[in-house]
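Work through these exercises with the model open beside you. Try each task before you read its solution.

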Amino acid sequence: MFLSKIFSKNVDQLVKKGDYLFKGDHFIEARHHYTDAIEKLGDSEADQQKSLYIKSMISNCSNRLAELNFTEAEAALRSGNNKKSIEYLNLARDLADDVLIREKADNLIHSLTDISLSVATPVKISAKHDCTSCTTPHHKNSESPSILPDHLQTHEQFGLLVNTLPGDLPERYLSLGEEFASAYLLAHSERDSEALNKFRELLSVRENDILLYEAALLEFKVGRADICESLLERALSLNSENAVCNLSLAQLYTESGRYDKAIILLKSMMARNILYDNSLITLADIYSIQAENEKAIELLSGALQNPALKKAAAERLVAILGSTGRNEEAQYLFKTYLKGCC
């Protein structure tokens, strides 16, 4: 017992280690350290302020893990393993604190399920089919029967992936042609350099908000956040209603600490009903970071009536109320909205 006290880490050490692991993309280990740190916090005002940061990092870890599972789901989908893809998507949905990630996972699960249910008889692969990903012995014989969902062709992979996008974006993505679809699938196959070159080629012919957005994501991924921001702003100058461009720019402002700009954009998104749920949660998080707790509480309290937001809003409210000494309210919300939640 004495030795365990000597060698046990304090809150600051655990958070420091968690931050180090998070920066190294070790999200599971980082989350463990943050969780351990939360358990060691007391009731002092200083500790409660620390809890806001730690809980935000636990949320970030969960979202990054969800994104990794979504990437694995896409890889499984490309290989024709729909069952494994759905398993990864369920993990992504369960892990994600981000409403948009959960919605994307749900949409893709539903798409895969719908396709599986719609196939009543085996479908033969056409002899003209020249999908380069179809290299298994199962595809070498064009006369062999094949179930469509387990052997998705390129255009079907593309259709399923873009179906996770909000609003009218799936239809718009599908209308951009084969070259765009090829670049998009390269980006989702972790072939970032090839994908970015293709998007640049397409942009040299004509600009549109979708091409600019997809190029922006890849620029951010390779560490060029300034170029990413410039491309997102150009995209919004062409189409101010593009939902994913709006949200990405708001998140970029938030991650770089430009909260005033993020707040203005998020409020505008809510007023225009652009990804309202995500905008509300992100705005509440910014208010919490800035210790504007009453503003956050007001936003989140209204969100409790929204089934899609109920869990995320309740979790944040419990944390904020607990940090400000309103323990009875926090306990009531926990019992009402979170007890028994998976």
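**Exercise 1: The end of a helix**

Helix α2 is followed by Asp-25, whose phi is positive, near 65°. This is a predicted model, in which local features need pLDDT of at least 70, side-chain atom pairs count only at pLDDT 80 or more, and totals for chains, interfaces and linings use all residues. Residues are numbered from 1 along each chain as its sequence is written, and side-chain values use heavy atoms, with hydrogens and water left out.

*Task.* Find the loop in which Asp-25 lies.

*Solution.* Step one: look at the helices, which are DSSP runs of H or I with at least four residues, numbered from the N terminus (strands are runs of E, at least two). Asp-25 lies in the loop between α2 (11-23) and α3 (27-40). Step three: check the residue type. Asp-25 is not a glycine, yet its phi is positive.

**Exercise 2: One face of α2**

*Task.* State which residues of α2 are buried, and explain how they are arranged around the axis.

*Solution.* Step one: compare the span with the expected one (1.5 Å times one less than the number of residues). The 13 residues of α2 should span 18 Å, and the end C-alpha atoms are 18 Å apart, which agrees. Step two: list the buried residues (under 20% relative accessible area; exposed is over 50%, partly exposed in between; 1.4 Å probe, protein chains only). They are Val-11, Leu-14, Val-15, Gly-18, Leu-21 and Phe-22. Step three: look down the axis. The buried residues of α2 fall within an arc of 125°, so they line one face. The arc is that of the directions from the helix axis to the C-beta atoms. An α-helix has 3.6 residues a turn, so residues three or four places apart point the same way. Step four: turn to the face away from the buried side. It carries the exposed residues Lys-16, Tyr-20 and Lys-23. Step five: inspect the N-terminal end. Asn-10 caps it, with a side-chain oxygen 3.2 Å from the backbone nitrogen of Asp-12.

**Exercise 3: An enclosed helix**

*Task.* Is α12 largely enclosed or left open by the rest of the structure?

*Solution.* Step one: locate α12. It covers residues 209-221. Step two: count. Ten of its 13 residues are buried, so α12 is largely enclosed. Among them are Asp-209, Tyr-213, Glu-214 and Glu-219. Step three: find the cover, using contacts (heavy atoms within 4.5 Å). It includes α9 (169-174), α10 (178-187), α11 (192-205), α13 (225-238) and α14 (243-255). Step four: check both ends. Asn-208 caps the N-terminal end, where a side-chain oxygen lies 2.9 Å from the backbone nitrogen of Ile-210. Just after α12, Gly-223 takes a positive phi of about 95°.

**Exercise 4: The whole chain**

*Task.* How many helices and strands are there in the protein chain?

*Solution.* There are 19 helices and two strands.

How values were computed
Polar contact = N/O pair within 3.5 Å; in protein donor to acceptor, adjacent residues only side chain to side chain.
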